[in-house]
Amino acid sequence: MSSRVPYTSPEFEAAIVDASALEQWEKAQFQHYRSRTEGKSAVHINDLLACAELAIRCKDVACADECLDKAHKIRPQDPDVHYLLALRQAAQNNSEQALTQLQTAITSITHLRTPDMARLYRLLAQLTLSHSKDLLQATQHLRKGAEIAGGIPFVHCTTRDPQHVTEEQLSFDLAVFDHLFSWEGFPATVKFASVATDSRQQVYVLEHSQRWVFQFNGEGQFIRGLTERQLAGVPFVFPEHSWSLNDIAVAPDGRIFVAGSNDRIHVFGPDWRKLIAYNPPASDKPLRPISLACDTKGTLYVLYLNLPGIHMFAPEGAHLGSFGANTTMPSTDKNYFCGLATDEAGKVYLYDRIHVQVYNPTTGALEETYDVPDSSPEHLDHDDYPFCWNGASLDHNGYLYLANTYEENIAVLDQYGNSFEMIDRMNQQLQTFSLPMDVAVDSQDTLYIADTGNARVVKRS
């Protein structure tokens with residue numbers, strides 16, 4: 001995608017709802033840029049490149065050739081010109097010529113070290129894989145592109161031996177690269193909305209905007225990444241319309257729960273092999289699961305945006321009923337909750353922004369209620385609030401950690417519900433938190449915080 005074409009416009013967002021609408025949008029944009037380039041002695045290179053790109057998409061070879069020839073004469077060292085020249089060849093099924101075009105360009109403009117140059121290596125990696133079937137060479141090309149663009153510490157091509165990168169892993173790397181180093185020319189929107197740990201101190205980070213999952217070991221080394229297409233296991237054109245990632249939890253036996261598509265909870269094995277999907281309770285409207293927690297027996301507890309109560313699922317997926325009540329928004333139709341946690345005794349903690357309710361799931365009885373310190377209901381009508389599910393987690397000493405998102409800190413309660421600590425940064429060297437949305441504590445009582453507004457996950461041993 002090119003920053004010269006308005007891919008971020010409301011018209012484009014409306015057009016991507018289906019293939020035919022997108023085709024009409026492309027044709028209209030093509031005619032617009034074609035009119036800006038035809039019959040004029042002086043044409044801006046941005047218009048030429050936008051017209052060339054749309055001509056390629058609309059399969060007008062003659063127009064693409066004309067625009068690219070003019071652009072090459074104006075700026076022969078421009079990586080974008082060479083990128084589109086190679087893309088034109090690839091669109092005509094001339095992969096060999098496209099590879100030659102890229103290799104020649106890379107040799108002639110090696111002095112450039114910009115994202116524009118990095119995209120040449122990215123396209124070279126893709127064509128090398130599709131045309132030459134050389135996975136090792138493709139991985140090395142993408143690694144080079146990532147190094148030029150600034151390095152990515154959570155993709156396979158830069159964190160492991162290229163000989164050990166699979167085609168599926170490289171596909172994830174390509175998806176991440178396209179987002180982080182896109183044509184738009186402004187920083188990517190990355191929203192780390194959830195973090196979870198397992199019994200082996202592995203860390204799972206869920207990225208909400210692009211629907212990615214990252215898996216790290218306890219030392220912070222990247223292990224695996226998955227896109228929503230890999231999670232779904234089926235090809236589709238517009239995955240964001242049927243698949244969303246809201247929360248993630250891990251059972252003691254290693255099963256991974258993901259709040260995903262069509263109100264279902266998807267269950268994966270430790271190797272990310274899909275096992276089962278938990279169907280939601282019956283309802284006449286979308287439910288949207290927003291928070292998950294799993295106890296030591298493998299029982300899953302779920303909060304739904306449009307259902308009251310805490311819902312229980314047996315390990316095999318049977319819905320066992322619900323218990324509990326919201327305290328902050330009982331008069332609205334949102335039934336909004338903020339987070340779930342379980343302790344070693346099997347109790348369930350419902351964090352709903354200004355209170356924490358402690359339930360016995362066997363009887364459904366409310367046993368205790370804690371007030372969240374430094375918190376007030378004044379933000380409950382904030383426009384972003386219904387889309388902010390705050391996290392809760394307990395350590396082995398009974399301390400409860402709460403993502404106090406709009407106060408931008410982590411509230412820590414002791415085992416009696418008293419305020420113990422308010423954390424707003426890891427140390428003096430790191431900036432303060434910005435809209436932290438989730439917390440997780442592993443078996444060694446290491447705390448992980450999804451510092452969402454700062455697009456990072458921080459760790460406190």
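The following paragraphs describe the secondary structure, packing and selected residues of a predicted model.

Residues are numbered from 1 along each chain as its sequence is written. As the model is predicted, local features need pLDDT of at least 70 and side-chain atom pairs count only at pLDDT 80 or more, while totals for chains, interfaces and linings use all residues; side-chain values use heavy atoms, with hydrogens and water left out.

The secondary structure of the protein chain comes to eleven helices and 23 strands, where helices (H or I, at least four residues) and strands (E, at least two) are DSSP runs numbered from the N terminus. Of the 461 residues in the protein chain, 53% are buried. Here buried means under 20% relative accessible area, exposed means over 50%, and partly exposed covers the range in between (1.4 Å probe, protein chains only). Among contacts (heavy atoms within 4.5 Å) between residues at least 6 apart in sequence, 47% join residues at least 24 apart.

Strands S21, S22 and S23 form an open sheet in that order, with antiparallel pairing; two strands are taken to pair if DSSP finds at least two bridges between them. Strand S21 (436-441) and strand S23 (456-460) are the edge strands, each pairing on one side only. From one strand to the next, the twist averages 20°, with axes being lines fitted to C-alpha atoms (for helices over the stretch in contact) and angles running from 0 to 180 degrees between N-to-C directions. Strand S22 (residues 447-451) is joined to S23 by five bridges, and the two run antiparallel. Within this pairing, Ile449 stands opposite Val458 in S23.

A hairpin is formed by S9 and S10, with five residues between them. Gly298, in the turn, has a positive phi of about 90°. Strand S9 (residues 289-294) is largely enclosed by the rest of the structure, because six of its six residues are buried. Five bridges join S9 to strand S10 (residues 300-304) in an antiparallel arrangement, and Ser291 stands opposite Leu303 in S10. Cys294 has a relative accessibility of 14% and therefore counts as buried.

The count of disulfides comes to zero, a disulfide being a pair of cysteine sulfur atoms within 2.5 Å. For Cys67, the closest cysteine sulfur is that of Cys51, at 3.5 Å, which is too far for a bond. Cys67 is buried, with a relative accessible area of 4%.

The aromatic pairs number 16. Rings of Phe, Tyr and Trp (its six-membered ring) pair if their centres lie within 6.5 Å; planes under 30 degrees apart count as stacked, over 60 as edge-to-face and the rest as tilted. Phe216 and Phe222 form an edge-to-face pair, with 5.8 Å from centre to centre and 70° between the planes. Both Phe216 and Phe222 are buried.

Residues up to four places away in sequence not counted, Leu120 touches Pro79, His82, Tyr83, Leu102, Ala105, Ile106 and Ile109.

Three further positions were examined individually. Val5 is found in the segment before helix H1 (10-15) and counts as buried, at 3% relative accessibility. Not counting residues up to four places away in sequence, Val5 touches Trp25, Tyr33, Ala50, Glu53 and Leu54. Val5 and Tyr33 are 28 residues apart in sequence, and their C-alpha atoms are 9.0 Å apart in space. Ser108 is placed in helix H6 (residues 95-108) and is partly exposed, with a relative accessibility of 41%. The C-alpha atoms of Ser108 and Gln77 are separated by 8.2 Å, the two residues being 31 residues apart along the chain. Asn409 lies in strand S19 (residues 409-413) and counts as buried, at 6% relative accessibility. Neighbours within four places in sequence aside, Asn409 is in contact with Asp374, Leu402, Ala403, Asn404, Met422, Ile423, Asp424, Phe433 and Pro436.
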